[in-house]
Amino acid sequence: MTVREFFDSLETRADASRTAGMTNSYLFDIEGAGRWTVNVDDGTVSVSEGGEDAEAVITTSEATFEKIVSGEQNPTSAYMTGKLKVKGDMGAAMKLQKLF
């Protein structure tokens with residue numbers, strides 16, 4: 001799945017029961033692919049292309065992101081090795097596993 005396919009289908013794939021109670025905003029800055037803003041509001045997920053700021057900003061390469069989405073790369077180990085960077089609210093970033 002490409003980065004664009006992931007974000008284009010995220011609203012319909014997200015499990016509302018897993019994201020219930022979450023109210024967070026995320027900016028994914030995927031080098032080589034683009035930027036997407038993901039807003040989670042009590043189970044409802046909305047995605048828009050572009051964006052400048054969010055509670056948590058996640059930056060990584062297109063290749064690393066695709067490996068995380070496919071399950072080939074553990075997000076925590078990607079973070080620990082510097083392949084994935086998080087700025088802002090780390091607590092919000094930890095909740096991201098509910099979306100994947």
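**Notebook: salt bridges, aromatic rings and a surface patch**

I looked up the salt bridges and found that the structure holds 2 of them, a salt bridge being a side-chain nitrogen of Lys or Arg within 4 Å of a carboxyl oxygen of Asp or Glu. I note that this is a predicted model, in which local features need pLDDT of at least 70 and side-chain atom pairs count only at pLDDT 80 or more, while totals for chains, interfaces and linings use all residues. Residues are numbered from 1 along each chain as its sequence is written, and side-chain values use heavy atoms, with hydrogens and water left out.

**Entry on the salt bridges**

I recorded Arg4 and Glu49 as a salt bridge, with 3.0 Å between the closest N and O atoms. This pair links distant parts of the chain, 45 residues apart: Arg4 sits in helix α1 (residues 3-13) and Glu49 in strand β3 (residues 44-49). Helices (H or I, at least four residues) and strands (E, at least two) are DSSP runs, numbered from the N terminus.

I then checked exposure, where buried means under 20% relative accessible area, exposed over 50%, and partly exposed in between (1.4 Å probe, protein chains only). Arg4 has a relative accessible area of 39% and is therefore partly exposed.

I also recorded a salt bridge between the side chains of Arg35 and Asp29, at 3.2 Å from N to O. Arg35 is partly exposed because its relative accessibility is 28%; Asp29, at 22%, is likewise partly exposed.

**Entry on the aromatic rings**

I took rings of Phe, Tyr and Trp (its six-membered ring) as paired if their centres lie within 6.5 Å, with planes under 30 degrees apart counted as stacked, over 60 as edge-to-face and the rest as tilted. The count by this rule is 7 aromatic pairs. Phe6 and Phe7 have ring centres 5.1 Å apart and planes at 85°, so I noted the pair as edge-to-face. Both Phe6 and Phe7 are buried.

For Tyr26 and Phe28 the centres are 6.5 Å apart and the planes stand at 40°, so this pair is tilted. Tyr26 and Phe28 are buried as well.

**Entry on the surface**

Which residues form a nonpolar patch on the surface? I listed Tyr79, Met80, Met90 and Met94, with about 420 Å² of accessible area together. Helices α4 (75-80) and α5 (90-94) each give two or more residues to the patch. Met80 lies in α4 and counts as exposed because its relative accessibility is 65%. Patches are made of residues with over 30% relative accessible area and no salt bridge; like charges are joined within 9 Å, and nonpolar side chains (Val, Leu, Ile, Met, Phe, Trp, Tyr) within 5 Å. Accessible areas come from the Shrake-Rupley method with a 1.4 Å probe, and for residues only the protein chains shown count as cover.
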